[in-house]
Number of protein chains: 2
Amino acid sequence: MIRAVEWKEGRVRILDQTKLPGETTYIDCEKVEQVAQAIRDLCVRGAPAIGITAAYGMALAAQTSALSSPSLFQKEIEEAGALLAATRPTAINLFTAINRMKKIMEDQKGHPIPSQRRALLAEANAILNEDIDANRTIGRLGSALIAFGDGILTYCNTGALATGGYGTALGIIRSAWEQEKRIAVYVCETRPVLQGARLTAWELHREKIPVVLITDSMAGTIMRLGKIRRCIVGADRIATNGDVANKIGTYTIAVLAREHNIPFYVAAPTSTIDLGIASGDQIPIEERDRSEVTDIGGKTFAPEGVAVSNLAFDITPAEYIQAIITEKGIFRPDQIQGLKPSV
Amino acid sequence: MIRAVEWKEGRVRILDQTKLPGETTYIDCEKVEQVAQAIRDLCVRGAPAIGITAAYGMALAAQTSALSSPSLFQKEIEEAGALLAATRPTAINLFTAINRMKKIMEDQKGHPIPSQRRALLAEANAILNEDIDANRTIGRLGSALIAFGDGILTYCNTGALATGGYGTALGIIRSAWEQEKRIAVYVCETRPVLQGARLTAWELHREKIPVVLITDSMAGTIMRLGKIRRCIVGADRIATNGDVANKIGTYTIAVLAREHNIPFYVAAPTSTIDLGIASGDQIPIEERDRSEVTDIGGKTFAPEGVAVSNLAFDITPAEYIQAIITEKGIFRPDQIQGLKPSV
């Protein structure tokens with residue numbers, strides 16, 4: 001399975017997803033600033049994957065620090081955490097991972113620096129491995145909701161590239177495929193950044209899982225033509241009331257699914273749940289640069305100077321969601337509030 | 001007002017819309033084959049505009065024919081009509097225009113060739129001018145449905161570029177703007193061919209009508225955020241029961257509009273109505289080349305060999321449509337069946 005991010009010889013190796021599927025190139029980060037830039041530039045994306053990357057970013061800052069005073073050393077790692085936390089606002093996993101790393105620093109206060117370095121790297125590895133485990137469990141649990149021969153619509157990328165490995169929504173699809181359920185996957189290209197076309201279609205096609213690429217504008221008609229029996233998407237943050245923030249366009253898919261009586265599922269590890277906020281309306285929505293809308297592949301398609309809206313995420317209210325599939329079980333959105341926070 | 005197509009010095013001059021908004025270049029067609037190719041390649045598109053172009057294509061065939069036998073001459077023009085009719089299947093205006101030209105040939109049977117040439121060119125000019133008149137009337141009538149300060153969502157391009165001039169849905173927007181209704185227009189980019197980003201945003205921006213460009217995936221959220229008070233789109237064919245074929249993605253907008261209690265209007269000249277068919281399910285839907293989905297601006301974004309669906313149009317059932325705005329008045333979809341056919 002392809003890895004979005006890994007710790008390699010004292011560096012953070014990030015697969016540059018902006019170049020996929022044309023080129024498979026890696027960024028070997030030697031400094032935390034490079035890690036932060038890679039997150040900002042979407043070289044690595046997907047809520048779980050950016051959490052893992054941020055954790056490794058802090059481990060990298062610990063590794064590369066030249067300071068010998070444990071308290072100044074801790075201050076430097078904290079600043080690295082703040083830098084990483086400022087990269088993207090919506091996915092909660094980023095903050096959850098950074099907070100876990102901060103807790104390790106708390107525990108390690110006063111310990112010698114080499115011990116702190118080891119503990120921070122061990123925690124980043126744990127975050128990665130727990131995510132892979134969670135994905136496998138989500139895949140196994142969620143595949144029970146998939147029937148033989150189902151047409152499944154998915155959106156954006158929730159695969160190995162968006163997580164520690166295997167994937168959330170795509171993990172369920174992989175698991176159903178491994179169970180020989182003969183599914184057919186329709187993937188929306190997911191404008192503006194085309195994660196569906198570039199990443200999800202690529203992940204599925206290379207594993208020979210049947211996939212049909214459509215533009216986002218075709219989703220309604222594909223449903224109306226009776227091709228889709230389930231929709232499964234990922235999440236960047238889940239509020240206490242079960243509202244879900246996910247890639248812009250998810251809400252439209254949810255509305256279309258309800259209109260066609262198609263179950264709409266969200267697959268995400270519990271690290272994506274934010275019990276600190278009551279509803280989706282409180283989730284900060286990142287607005288990204290206008291060029292993502294006006295330009296594609298370096299070419300400009302919109303008239304110069306035209307106004308653009310580029311909300312990177314949207315909120316799907318809980319009422320549109322049949323089930324939230326986590327590693328702790330499958331829940332109705334109204335059951336999310338009863339879950340214990342992971343950290 | 002910019003012209004999509006015009007008769008110029010014995011040639012058919014077509015604005016190459018595939019190059020907009022970057023370049024304003026024209027194709028001066030000297031043969032009907034070039035006209036057919038320009039329609040196939042979307043250099044000219046939009047249901048009314050391709051009807052007008054086809055009419056001029058037949059006038060051009062008449063102009064350039066070297067035959068001196070009136071019956072062989074007529075056969076050549078008929079073949080030109082058949083060539084043009086085979087370019088695109090969905091928009092009825094193409095066939096309506098060709099049928100009008102054929103009727104002229106019928107009337108002219110036995111007349112000398114110069115007379116036939118004049119009559120055919122006069123009919124093509126009439127088709128153009130009637131369309132411009134219809135657009136102006138649609139704009140005037142439809143603008144009565146627009147309130148001061150409305151946020152209006154439109155889709156694809158229904159402007160001067162899609163018609164003889166002025167536009168259908170965009171004609172209403174122009175008319176409301178001329179009436180100083182202080183509207184704000186949101187336009188979906190309209191994948192795969194980006195007519196919204198390239199053409200509609202361009203037409204509105206150059207006339208200083210406030211426009212915000214969004215990806216198709218943002219339409220649901222823009223509605224949920226309360227920015228939209230009306231949706232207005234065009235049509236490629238309207239069935240007897242009021243079902244509407246229009247650019248792929250229109251149906252999704254209609255579903256979203258109903259979910260948010262936003263009126264959804266279709267603006268089209270009566271030449272777009274096809275009383276020969278009962279419902280939308282009988283409208284032939286063009287499927288275009290996969291490269292429109294996989295490639296953007298000459299660059300490939302999808303993995304090689306992946307399956308693609310590229311339906312160019314969709315059907316919006318009558319139940320989603322509040323009003324169909326024509327030059328003969330504003331109708332509920334169930335009133336379409338009572339309209340007399342134009343030809």
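I count two strands as paired if DSSP finds at least two bridges between them. Helices (H or I, at least four residues) and strands (E, at least two) are DSSP runs, numbered from the N terminus.

**Entry 1. Ground rules**

The model is predicted, so I take local features only at pLDDT of at least 70 and side-chain atom pairs only at pLDDT 80 or more, while totals for chains, interfaces and linings use all residues. Residues are numbered from 1 along each chain as its sequence is written, chains are lettered from A and ligands numbered from 1 in the order in which they are written, and side-chain values use heavy atoms, with hydrogens and water left out.

**Entry 2. β8, β9 and β15 of chain A**

I began with β9(A), which pairs with β15(A) in the antiparallel sense over four bridges. Lys247(A) has Phe313(A) as its bridge partner in β15(A). I then looked at strand β8 (residues 237–239) of chain A, which runs antiparallel to strand β9 (residues 244–247) of chain A and is joined to it by two bridges. Here Arg237(A) stands opposite Ala245(A). β8(A) and β9(A) make a hairpin with four residues between them. In its turn, Gly242(A) has a positive phi of about 90 degrees.

**Entry 3. The sheet ending in β14(B)**

In what order do the strands of this open sheet run? I read β17(A)-β16(A)-β10(A)-β7(A)-β4(A)-β5(A)-β6(A)-β14(B), eight strands with mixed pairing. The edge strands are β17 (329–331) of chain A and β14 of chain B, each of which pairs on one side only. Inside the sheet, β4(A) and strand β7 (residues 230–233) of chain A are parallel over three bridges, with Ile152(A) opposite Arg230(A).

Helix α5 (residues 113–143) of chain A packs on the sheet and touches β10 (264–267), β16 (323–326) and β17 of chain A (contact means heavy atoms within 4.5 Å). Its direction makes about 140 degrees with that of β16(A). I take axes as lines fitted to C-alpha atoms, for helices over the stretch in contact, with angles from 0 to 180 degrees between N-to-C directions. α9(A) lies across β4, β5 (184–188), β7 and β10 of chain A and runs at about 145 degrees to β10(A).

At the chain crossing, β6(A) and strand β14 (residues 307–308) of chain B run parallel, joined by two bridges. Leu213(A) stands opposite Val308(B) there.

**Entry 4**

Strand β4 (residues 151–154) of chain B pairs in the parallel sense with strand β5 (residues 184–188) of chain B over four bridges. Leu153(B) has Tyr186(B) as its bridge partner.

**Entry 4. Interface of chains A and B**

How many residues does each chain put into the contact? I found 53 from chain A and 53 from chain B. The two chains bury about 4300 Å² between them, 65% of it on carbon and sulfur atoms. Buried area is the accessible area (1.4 Å probe) that two parts lose on being put together, summed over both. In chain A, Ser217(A), Arg224(A) and Phe301(A) lose the most area to chain B, together 15% of what that side buries.

I noted six salt bridges across the interface (a side-chain nitrogen of Lys or Arg within 4 Å of a carboxyl oxygen of Asp or Glu). One salt bridge links Glu259(B) and Arg258(A), with the closest N and O atoms 2.8 Å apart. Of the side of chain A that touches chain B, the largest share, six residues, comes from α9(A).

**Entry 5. Loops**

The peptide bond from Leu20(A) to Pro21(A) is cis, with omega near 0 degrees. Pro21(A) is in the loop between β2 (11–15) and β3 (26–29) of chain A. I found the Leu20(B) to Pro21(B) bond cis as well, with omega near 0 degrees.

Tyr166(A) has phi near 75 degrees, a positive value in a residue other than glycine. I placed Tyr166(A) in the loop between β4 (151–154) and α6 (169–178) of chain A.
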